[in-house]
Amino acid sequence: MDKEIREKMILVCQNLMKMLELAFEVFRKPTEKSFIDAEEVKDKIHHYSSELTGFIISKSPSSEKGREWAKPYLSIASSLDRMTYNIEGILDRLKAKSQNHIFFSDQAVKEVNDVFQEAMRLLGNLPDLITTQNKLLARRIGEEGRSMFKIANGYSEGHEERLIQGICVPKSSPIYLGIIESLKGVIVHILEVSGKIVSLSSKS
């Protein structure tokens, strides 16, 4: 992998990790400062992502071969962008939760906490994977990510069942489900990046 592209990808990943950690902080204890901090990191990510995409395009020859070379890199950049949008979605829902004084049950808090923790752990592995292109690490990310995705699906289904039974508060339901879906989106794009990194390592 091109050294400069690798460095720019890692920079985006590190800031995505900061943004996800801030979103988790907001979930646990929402403050005006934590929302502002997350917004600042989001702006940095958009800047670094734009730089990454622009750099890949500038390095790509205009020939058919050049376009083929750029495709996997641009695909990774796109997955990183979509992670940003998913985390933005989490923050939007957390802002609505805070502004409308909506509370989650202990079970819902535990479930969101579980998915947050695993998403942060998986995302934290990406800089190492980008650096080493280690297939064993990629396999572990894939297995653990798919396992967490299945668990998160179970959480959503269980919540919907409790809603039908009248155990859950309807007001909190769209926010809970939205956060879980956005975290699942982050995990999906982590798995996509991981698979593409391995694919690039096979070509080199």
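Predicted model: local features only at pLDDT ≥ 70, side-chain atom pairs only at ≥ 80, totals over all residues.
**Exercise 1. Find out which parts of the chain Lys59 and Asp2 tie together.**

Solution. 
- Begin with the contact: Lys59 and Asp2 form a salt bridge, and their closest N and O atoms are 3.0 Å apart.
- Lys59 belongs to helix α2 (residues 32-59), while Asp2 sits in the segment before α1 (3-28), so the bridge joins parts that are 57 residues apart in sequence.
- Then look at the surroundings. Lys59 has 36% relative accessibility and counts as partly exposed, whereas Asp2, at 18%, is buried.
- The cut-off for buried is under 20% relative accessible area, so Asp2 with its 18% falls on the buried side.
- To put this pair in context, the structure holds 13 salt bridges.

**Exercise 2. Work out how Glu7 and Lys3 are placed along helix α1.**

Solution. 
- The side chains of Glu7 and Lys3 meet in a salt bridge, with 2.7 Å from N to O.
- Both residues are in helix α1, four residues apart, and about one helical turn separates them.

**Exercise 3. Decide whether Arg162 and Glu111 are buried or exposed, and name the helices they link.**

Solution. 
- Arg162 and Glu111 are joined by a salt bridge of 3.6 Å, N to O.
- This pair links distant parts of the chain: Arg162 is in helix α5 (residues 135-164) and Glu111 in helix α4 (residues 106-132), 51 residues apart.
- With 12% relative accessibility, Arg162 is buried. Glu111, at 6%, is buried as well.
- Salt bridges also form a network, which links Glu118, Arg121, Arg140 and Glu144.

**Exercise 4. Check the span of α4 against its residue count, then look for a kink.**

Solution. 
- α4 has 27 residues, and at 1.5 Å a residue they should span 39 Å.
- Now follow the axis. At Leu126 in α4 there is a kink of about 25°, shortly before the proline Pro127.
- Finally, step past the end of the helix: Gln133 follows α4 and has a positive phi, near 50°.

**Exercise 5. Describe how α2 packs with α3, and how α4 packs with α5.**

Solution. 
- Two packed helices are described by the angle between their axes and the distance between the axes.
- For α2 and helix α3 (residues 64-99), the angle is about 165° and the axes are 10 Å apart. That makes α2 roughly antiparallel to α3, since angles over 145 degrees count as roughly antiparallel.
- The crossing of α2 and α3 is left-handed.
- For α4 and α5, the axes come within 10 Å and cross at roughly 160°. α4 is therefore roughly antiparallel to α5.
- The crossing of α4 and α5 is left-handed too.

**Exercise 6. Locate Lys150 and say how far it lies from Phe103.**

Solution. 
- Lys150 is part of helix α5.
- With a relative accessible area of 64%, Lys150 is exposed.
- From C-alpha to C-alpha, Lys150 and Phe103 are 25 Å apart in space, and in sequence they are 47 residues apart.

Conventions: Residues numbered from 1 in each chain as written. Heavy atoms only, no water. Salt bridge = Lys/Arg side-chain N within 4 Å of Asp/Glu carboxyl O. Helix = DSSP H or I, 4+ residues; strand = E, 2+ residues; numbered from the N terminus. Buried < 20%, exposed > 50% of the residue type's maximum accessible area, 1.4 Å probe, protein only. Expected span 1.5 Å × (residues − 1). Bend = angle between axes of the 7 residues up to and from the residue. Axes fitted to C-alpha atoms, helices over the stretch in contact; angles between N-to-C directions. Parallel < 35°, antiparallel > 145°, perpendicular 65-115°, else oblique. Left-handed = near helix turned anticlockwise from the far one by under 90°.
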